[in-house]
Amino acid sequence: MESIVGKILSDRYRIIRELSQDDFSTLYAAEDLTDVNSPQCQIERLQPLYESEVLGTQSWQKVLQAFVEQGKILKKISQHPQIPQLLAFFECDRQFYLVQELFEDETLEQRLEDSLINEAEAIEWLQEILGILEFTHKANVAHLNIQPSSLIQHQDGRKFLTNFAGIKNSILFKNKPLQTIVNQDFAAPEQIEGKADFTTDIYALGKTIIYALTGQVSEFIQPKTLPDEDVQQPSTIDSYSSADISPKLANILNKMVGNQPSLRYQSAAIVLSELDFEQQNVVVFPPPFAFDPQSPQFSGEEMPFAVSPKSRKTRQKRSFPFEFPKGIIWLLLALPFVTALIIIFIGMNRNAYQGFIDYTNKDYQFKLKYPQAWSKRDLDDPITGEVVVFASP
């Protein structure tokens, strides 16, 4: 296909250079001549396999309608913060173009050229990509093209999912049921037969992570250093490989790549619940004061917030009249420390939220504060109708 480097498309986008090319599309870096703030973007030019055909008016209108419908769907789900945003889509001279954020970050495929991933990285990839799939599946959109080249890691560590197949299938193959963009190494059996569903994405993601752990395209994975009986083995295995992972992760991956949809996890949410490796991001707020029960000034009767059974016995022993003055002395000695801690706490609490911005949600009746340096993004969620994403710099 003829190069379009240097051309201006839709009187707006100047093509700067070619980024990559495959059998279905060519990706270009482009400049948006109407956007002063962020002119850089990328444009994908679809390469229909029927370009040599002469399409009649009716056939062409169906293809164009499918392109518009799929473009609207992709633009809606691309509001998710971990899906490259679709900025625009248009047809020009019977060619189809998708305009997205410029992403020149490393794909998982490129990362694997240097080294395989370990178990911790595998869990990170699974958790983040499954979270994206949970969102898209609720919006009734399957990806149908998950493979190492479709997974991107941003410089800040965030994982992204790109290359959704729906819009491309509708254009490249005119929605013929048995023709789809598919990588045989990672596609589920039913997708090749034209019967894909949401578990097809779960299969492809499991296959991708097994490949990233082992460097081999396998239907089964087992730990290297642990006995085989710790892992649930399928009745028939065409290919298998091993990696330094726990039996729990191996069992999860093996269930993801079941050769029939009924043998797999039925939703991304279920897989996420199984992936609780005590590595979830949990924010723990410390108490206002932290006292050591063994500390002399906070032992026994004078400990202000907690009394252990041993402390209660000590209190009973010290309740005699001749020990009462000693308790007062300890109380007087501890009072300055308690007063100082209270003053420090009040001062910290007073300054804790300087530079924070209030956010109030009237629909759900709650209020929170977020740092002024953070960005707030309102999304039109296809399920709940409203989502707010806060992102740190």
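**Close-up views of the predicted model**

**View 1. Glu 31 and Arg 14 form a salt bridge of 3.7 Å from N to O.** A salt bridge here is a side-chain nitrogen of Lys or Arg within 4 Å of a carboxyl oxygen of Asp or Glu. Glu 31 lies in strand 3 (residues 25-32) and Arg 14 in strand 2 (residues 13-21), so the pair ties together parts that are 17 residues apart in sequence, strands being DSSP runs of E with at least two residues and helices runs of H or I with at least four, numbered from the N terminus. This is a predicted model, in which local features need pLDDT of at least 70 and side-chain atom pairs count only at pLDDT 80 or more, whereas totals for chains, interfaces and linings use all residues. Residues are numbered from 1 along each chain as its sequence is written, and side-chain values use heavy atoms, with hydrogens and water left out.

View 2. Lys 138 is exposed, with a relative accessible area of 52%, while Glu 134, at 24%, is partly exposed; buried means under 20%, exposed over 50% and partly exposed in between (1.4 Å probe, protein chains only).

**View 3. Arg 158 and Asp 156 meet through their side chains in a salt bridge.** The N to O distance is 2.8 Å, and Arg 158 is partly exposed at 34% relative accessible area, as is Asp 156 at 48%.
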